[in-house]
Amino acid sequence: MGDMNISIPPALEDWVETRLAEGRYLDAGDYVRDLMRRDRERTEDENAWLKQLADEGRASGIIEMESGDIIEKIISDHPANRD
């Protein structure tokens, strides 16, 4: 496993220390690795969602909406924007 050194502001360092004190993570590296895994999973999920939308779009034929309206609908339908 490679080493990577990063600098973070004191407020974020305090946040990491708080998370470590909760006992869920062994150390700061464990916490950062978990954050990175979750980010990668979210990105993969978003890519799959966008691919699905593109596939649906190709299969649906021609639509009469303006491109800006289509983009707004896609953004509003994104799982992260739903209540």
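Reader: Let's start with Asp27: what is its relative accessible area?

Author: Asp27 has a relative accessible area of 37%, and is therefore partly exposed, a class that lies between buried (under 20% relative accessible area) and exposed (over 50%), with a 1.4 Å probe and protein chains only. Please keep in mind that this is a predicted model, in which local features need pLDDT of at least 70 and side-chain atom pairs count only at pLDDT 80 or more, while totals for chains, interfaces and linings use all residues. Residues are numbered from 1 along each chain as its sequence is written, and side-chain values use heavy atoms, with hydrogens and water left out.

Reader: OK, and which side chain does Asp27 meet in a salt bridge?

Author: Asp27 meets the side chain of Arg33, at 4.0 Å from N to O; a salt bridge here is a side-chain nitrogen of Lys or Arg within 4 Å of a carboxyl oxygen of Asp or Glu. Arg33 is partly exposed too, at 34% relative accessibility.

Reader: How many salt bridges turn up in the whole structure?

Author: The search finds seven. One of them pairs Asp39 with Arg42, with the closest N and O atoms 2.8 Å apart, and another pairs Lys73 with Asp77 at 2.6 Å between the closest N and O atoms.

Reader: How many residues apart are Lys73 and Asp77 in their helix?

Author: They are four residues apart in helix α3 (residues 67-77), which means that about one helical turn separates them; helices (H or I, at least four residues) and strands (E, at least two) are DSSP runs, numbered from the N terminus. As for the other pair, salt bridges that share partners join Asp39, Arg42 and Glu46 into one network, and Asp39 and Arg42 lie three residues apart in helix α2 (residues 28-60).

Reader: Switching topic, which residues make the nonpolar surface patch?

Author: Met4, Ile6, Ile8, Leu12, Trp15, Val32 and Met36 make a patch of about 730 Å², with areas from the Shrake-Rupley method with a 1.4 Å probe, where for residues only the protein chains shown count as cover. Patch residues have over 30% relative accessible area and no salt bridge, like charges being joined within 9 Å and nonpolar side chains (Val, Leu, Ile, Met, Phe, Trp, Tyr) within 5 Å. Trp15 sits in helix α1 and is partly exposed at 46%.

Reader: And which element has the lowest mean pLDDT?

Author: That is α3, at 82, whereas helix α1 (residues 10-21) has the highest, 96; pLDDT is the predictor's confidence in each residue, from 0 to 100. The chain's mean is 87, and 98% of its residues reach 70 or more.
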